[in-house]
Each structure stands twice: as C-alpha cells, then as structure tokens.
Amino acid sequence: MKMHLDEKIWLGLSFGMIMIFMLITGYQGFALEMGPPSHKETIDPQKVDQTAPFDQPGIKQIGENEYEVVMTLQIFSFNPANIEVPAGSTVHFTMTSKDVVHGFQVANTNLNAMVMPGHITKITQKFDKPGKYLVLCNEYCGAGHQVMSTTITVK
Ligand code: CUA
C-alpha cells in the first residue's frame, strides 16, 4: 500500500504529539510528584478495622492545642462523627475509606480532600473561629451520598 507523503507527515506528527503528551504527563507524575501528595501511604481496604491506627478511630489530644483525628469514611458516614475541639486547636486528620471514594470537605475552611480506599489521607487544619462546621462528602459515593455529612464543633 502506498501512502501519500502528507499522510505520512500527519501520521508522524500525531504520533509525535502523543509521545510528547505521554512524556509530559509521566514526567509530571513521577519526577515532579505532582500526583496527589497526601495519598502516598497505602492500606489494605479490606482490613481497615484491623489496621492501626484505624482499628481505633477517634479523637486524641496530642499537644496543648493539638489533636489527632483518626477517621474512617464509609457509605454513608464519618467515624468518628460530630467531633468537638476547643477554639485555636490544630487538628491532624488521618483518614481512609473502607469502601468507595469519598470526599472530606469542611465548610468555611480550606479543608477539602479526597479519601480513597487503599490510601491514607493526611491533612491538618487549625480551627480558630468557634462555631459548628459542616462536614460534607463531596465525591459521589452512592444512593446515600446526599446525606453523608457530620459536623466539627469548635468551642
Ligand atoms: Cu461519601 Cu459521597
């Protein structure tokens, strides 16, 4: 089969472009580590309940104004739910999902994370202003997604 020269040129160009895109994406993903930075630690999603620290989800004081929250997300709840911390607290969240991808978004803060099964998400937030903060799942996770919410109360 004979190809026209311009066909060959276009074929070469489009192939070249695909290679360039793949190289750029690969470079960004691996060399620059532009992938999700908080998803480096992994966990067996089948064994969340048996794996520390998720075998004991809850809130723990770890410093004068510092708390650690170990949280599991599952359809369609946050565990622990309805967290309370004093105003001025820095809270370190360590989270994973026991089933599907969920979101962890706290209204009126910059807190917004994706929580995936098999991965551990760590985020830290200081809560200065007292109030009741609504926590929402912002990743569609099934029929109960709309009702998947809880609160963080800052006193
Ligand atoms: Cu969990 Cu949407």
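His145 is located in the loop that runs between β10 and β11. This is a predicted model, and its secondary structure amounts to one helix and 11 strands. Read along the sequence, these elements follow the pattern α-β-β-β-β-β-β-β-β-β-β-β.

**The surroundings of His145 and the cysteines**

- His145 counts as buried because its relative accessible area is 12%, which is under the 20% limit for that class.
- When residues up to four places away in sequence are not counted, His145 touches Phe76, Cys137, Asn138, Glu139 and Tyr140.
- Cys137, one of the residues that His145 touches, is itself buried, with a relative accessible area of 7%.
- Cys141 also counts as buried, at 10% relative accessibility.
- A disulfide is a covalent bond between the sulfur atoms of two cysteines.
- The structure holds zero disulfides.

**The protein as a whole**

- The protein has 155 residues, and buried residues make up 34% of them.
- The accessible surface of the protein comes to about 9,800 Å², and 58% of that surface belongs to carbon and sulfur atoms.
- Among the contacts between residues at least 6 apart in sequence, 58% join residues that are at least 24 apart.

**The nonpolar cores**

- In soluble globular proteins, nonpolar side chains tend to be buried together.
- The largest nonpolar core in this model has 24 residues, and the members that touch the most other members are Phe93, Met95, Phe104, Phe127 and Ile152.
- At least two residues of this core are supplied by each of the strands β3 (66-74), β5 (83-85), β6 (89-97), β7 (102-106), β8 (112-115), β9 (119-127), β10 (131-136) and β11 (149-154).
- Strand β3 gives the largest share of this core, namely four residues.
- Another core, of five residues, lies apart from the largest one, and its members include Val48, Phe54, Val70 and Ile120.

**The helix and a nonpolar surface patch**

- Leu5, Ile9, Trp10 and Leu13 form a nonpolar patch on the surface, and together they have about 480 Å² of accessible area.
- Ile9, one of the residues in this patch, lies in helix α1, which covers residues 5-31.
- Ile9 is partly exposed, with a relative accessible area of 47%.

**Salt bridges**

- Side chains of opposite charge can pair when their charged atoms come close.
- The count of salt bridges in this model comes to six.
- Lys122 forms a salt bridge with Glu41, and the closest N and O atoms of the two are 3.2 Å apart.
- This pair links distant parts of the chain, since Lys122 is in strand β9 and Glu41 is in strand β1 (residues 41-42), 81 residues apart.
- Both partners are partly exposed, with Lys122 at 44% relative accessibility and Glu41 at 39%.
- The side chains of Lys98 and Asp49 also meet in a salt bridge, at 3.0 Å from N to O.
- This pair again links distant parts of the chain, with Lys98 in the loop between β6 and β7 and Asp49 in the loop between β1 and β2 (58-63), 49 residues apart.
- Lys98 is partly exposed, with a relative accessible area of 30%, and Asp49 counts as partly exposed at 43%.
- Glu84 and Lys155 meet through their side chains in a salt bridge, at 2.8 Å from N to O.
- Here too the pair links distant parts of the chain, with Glu84 in strand β5 and Lys155 in the segment after β11, 71 residues apart.
- Glu84 is partly exposed, with a relative accessible area of 44%, whereas Lys155 counts as exposed at 61%.

**Val101 and its contacts**

- Val101 is found in the loop between β6 and β7, and Val101 is partly exposed, with a relative accessible area of 28%.
- Leaving aside neighbours within four places in sequence, Val101 is in contact with Met114, Val115, Met116, Pro117, Glu139, Tyr140 and Cys141.
- Val101 and Leu73 are 28 residues apart in sequence, and their C-alpha atoms are 8.8 Å apart in space.

Note on methods. Residues are numbered from 1 along each chain as its sequence is written. This is a predicted model: local features need pLDDT of at least 70, side-chain atom pairs count only at pLDDT 80 or more; totals for chains, interfaces and linings use all residues. Side-chain values use heavy atoms; hydrogens and water are left out. A nonpolar core is a set of buried Ala, Val, Leu, Ile, Met, Phe, Trp, Tyr and Cys residues joined through side-chain atoms within 4.5 Å. Buried means under 20% relative accessible area, exposed over 50%, partly exposed in between (1.4 Å probe, protein chains only). Patches are made of residues with over 30% relative accessible area and no salt bridge: like charges are joined within 9 Å, nonpolar side chains (Val, Leu, Ile, Met, Phe, Trp, Tyr) within 5 Å. Accessible areas come from the Shrake-Rupley method with a 1.4 Å probe; for residues, only the protein chains shown count as cover. A salt bridge is a side-chain nitrogen of Lys or Arg within 4 Å of a carboxyl oxygen of Asp or Glu. A disulfide is a pair of cysteine sulfur atoms within 2.5 Å. Contact means heavy atoms within 4.5 Å.
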